[in-house]
Amino acid sequence: MAEEGIARRVVVVGTGLIGTSIALALRERGTEVLLTDRDAAALRMAVELGAGDALPEGATAEPADLAVLAVPPAAVAVTLLDAQKRGLATAYTDVASVKAVPLAQAAELGCDLTTFVAGHPLAGSERSGPAAARPDLFLGRPWALCPTPDAAPEAVATVTGLARACGAEPVVVEPGEHDRAVALVSHAPHVVSAAVAARLTGADDVALGLSGQGVRDVTRIAASDPRLWIGILSANSEPVADVLEAVATDLAVAASLLRDGSEEAAAHVADLLLRGNAGRSRIPGKHGGDQSAYAVVPVVIPDRPGELAMIFQAAGIAGVNIEDVTIEHSPGRPLGVLELSVEPEAAERLAAELRARGWSVPG
Ligand SMILES: NC(=O)c1ccc[n+]([C@@H]2O[C@H](COP(=O)([O-])OP(=O)(O)OC[C@H]3O[C@@H](n4cnc5c(N)ncnc54)[C@H](O)[C@@H]3O)[C@@H](O)[C@H]2O)c1
Ligand SMILES: O=C(O)C(=O)C[C@]1(C(=O)O)C=C[C@@H](O)C=C1
C-alpha cells in the first residue's frame, strides 16, 4: 500500500462504462491499472483511452492490491471465484447495481468472503461501454459498500479507499437495505421511465415534433441497455415490484380523477403533484447537501464558441464557486439560458460581475 486504504496496483475486470471510468479515475491519481474483459474490442478501446494496460494472460506475478469486478450482476460471483482462483489480488470488490443475490451466489460458490467487499457506485449513464467512460463520473456521488461480517478490515479499508480515490462518498449499508433503497431511487424509476418512453413507439410525427425537455428528462434512462437492466431488475424483483405497485396505484387514481373532471377531483390530482414537489425536494444535492440550498443565477447566452469558458472565467474573477450548471436551449434560436447554481450569498456578486461584462442576467 502507498498510503492507508489507497491501492497502488488495481486490476479491473470488465472494461465497460463503469470499469473504464474507475480505471480512468485511478490513472489520474497515478495508480497502476491492469485491465481485462472477455470482449477484446472493449479491452482494446479502454487501453487506447489510457485507462491502463491489458492484464497479461494467466496469473500476475504478484497479486494486485485490489481487483474491481465491473461486470453485469449475474457474472459477479463466477468472476469473483475465477479471480480468487487466479490469485489476482489481495482484496476484491464489485460494482453491481444489486447486492444481496450476487453475495448469496458468491457464498454458494465457495468464494472467499474475507477478501471481498461488495460495492455499488451510484453514478452511471444510459450509455454502455468504454467509449462513454469518464474519470469524473463518481465525483461527489454516494458509493454503497456492503461488507459481510466475514470481511477483513484491510479489505474494507482498501475498497473504501477506492471509492474515495474516485471522488465518491462511501456509505456502508446492509445488502438487503441497499436493495430496497435502490429499488426506490433507481430501479423502479428506470421502469417508469421505460414505460413512459414505450408510449412513444406509436406516436405520430406531430406528437414527436412537439417533444420538449420534459419528455427528454423523464425518458433519458430509458435509452439504457435492456440486457443489463433485465439482469438488475430480476435480481431485485420483490422490492422493485413493491415500488411499482405503489406508483401504479397513484397513476390509476390520477387517471380516474382526471376522467371525473370535477373540481374536487382536480384538487386530489393537485395533491399528487404537491407530493411530487415534496418528494423531489428531498433528493440531496451535490455532496449530499440540500439541493435547494443553492441560488440559481440565470444567464442568457448566445450560441458562440468560447462563451461558456468566458462565463466560468468571470465567475472565477468574482471569486464565486459554481456548484452546478444546466443549459436550456432555445429551439431554433442561437440562444440558450445557462443556470448557474451558487451559494446564496455569492449570487448577487456573480450576477453583478456578469452584467458588468455585458451578459444579460434576468432578475
Ligand atoms: N450503467 C450504469 O449506469 C451503472 C451504474 C452503476 C453500476 N453499474 C453496474 O456496473 C456493472 C457494469 O455495468 P456497465 O454499465 O459498465 O456495463 P457495460 O456493458 O458498459 O460493461 C460491462 C462489461 O463487462 C464485460 N463482461 C461481461 N461479462 C463478463 C465476464 N463474465 N467477464 C469479463 N467481462 C465481462 C462486458 O464485455 C462489458 O465490457 C453492472 O454490474 C452494473 O449493474 C452500472
Ligand atoms: O444516471 C444514470 O444514467 C443512471 O441511471 C445511473 C444509475 C441511477 O439510477 O442513478 C443507474 C444504475 C446504477 O446502478 C447507478 C446509477
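D53 touches L34, L35 and V47, leaving out residues up to four places away in sequence. That is one local detail of a predicted model. D53 lies in strand β3, residues 53–54. It counts as exposed because 10 C-beta neighbours fall inside 10 Å, and the limit for exposed is 12 or fewer. L43 is 10 residues from D53 in sequence and 9.2 Å from D53 in space, C-alpha to C-alpha.

R29 lies in the loop between α1 and β2 (32–36). R29 is partly exposed, with 13 other C-beta atoms within 10 Å. R8 stands 21 residues away from R29 in sequence, and the C-alpha to C-alpha distance is 9.8 Å.

**The chain as a whole**

The protein chain has 363 residues, of which 33% are buried. Its secondary structure comes to 13 helices and 11 strands. The C-alpha trace spans about 65 × 55 × 40 Å along its principal axes. Consider the contacts between residues at least 6 apart in sequence. Of these, 71% join residues at least 24 apart.

The domain assignment gives domain 1 (9–173), domain 2 (179–236) and domain 3 (294–356). The C-alpha centres of domain 1 and domain 3 lie 37 Å apart.

**Cores**

The largest nonpolar core holds 67 residues. V11, V12, A67, V68 and L69 touch the most other members. Helix α1 supplies the largest share of this core, 7 residues. Domain 1 (9–173) and domain 2 (179–236) each contribute at least three residues to this core. Another core, of 13 residues, lies apart from it and includes V299, L340, A351 and L354. In soluble globular proteins, nonpolar side chains tend to be buried together.

Strand β4 covers residues 66–69. Both of its faces are covered. L66 and V68 are buried on one side, and A67 and L69 are buried on the other. In a regular strand the side chains alternate between the two faces of the sheet.

Strand β1 (residues 9–13) pairs with β4 in the parallel sense, over 4 bridges. V11 has A67 as its bridge partner in β4. Strand β5 (residues 92–94) also runs parallel to β4, joined by 3 bridges. There, L69 stands opposite D94 in β5.

Leaving aside neighbours within four places in sequence, A67 is in contact with V11, V13, A83, L88, A89 and Y92. So V11 is both a bridge partner of A67 and one of the contacts of A67.

**Strand β10**

Strand β10 (residues 324–329) is hardly covered. The count of buried residues among its 6 residues is 0. β10 pairs with strand β11 (residues 335–342) in the antiparallel sense, over 6 bridges. I327 stands opposite L338 in β11.

| Strands | Sense | Bridges |
|---|---|---|
| β1 and β4 | parallel | 4 bridges |
| β4 and β5 | parallel | 3 bridges |
| β10 and β11 | antiparallel | 6 bridges |

**The ligand shells**

The shell around ligand 1 has 29 residues. G14, G16, A96, S97 and G124 come nearest. The shell divides into 14 nonpolar, 11 polar and 4 charged residues. Three elements each supply at least two of its residues: α1 (17–28), β6 (118–121) and α9 (226–234). Helix α1 gives the most, with 3 residues.

Which residues are around ligand 2? They are S97, L122, A123, G124, S125, E126, S186 and I221. By class, this shell has 3 nonpolar, 4 polar and 1 charged residues.

Technical notes
Residues numbered from 1 in each chain as written. Chains lettered and ligands numbered in written order. Predicted model: local features only at pLDDT ≥ 70, side-chain atom pairs only at ≥ 80, totals over all residues. Near = placed C-beta within 6 Å. Nonpolar A, V, L, I, M, F, W, Y, C, P; charged D, E, K, R; others polar. Buried ≥ 20, exposed ≤ 12 C-beta atoms within 10 Å, placed from the backbone. Contact = placed C-beta atoms within 7 Å. Core = buried A, V, L, I, M, F, W, Y, C linked by C-beta atoms within 7 Å. Domains from an automatic or database assignment. Pairing = 2+ DSSP bridges.
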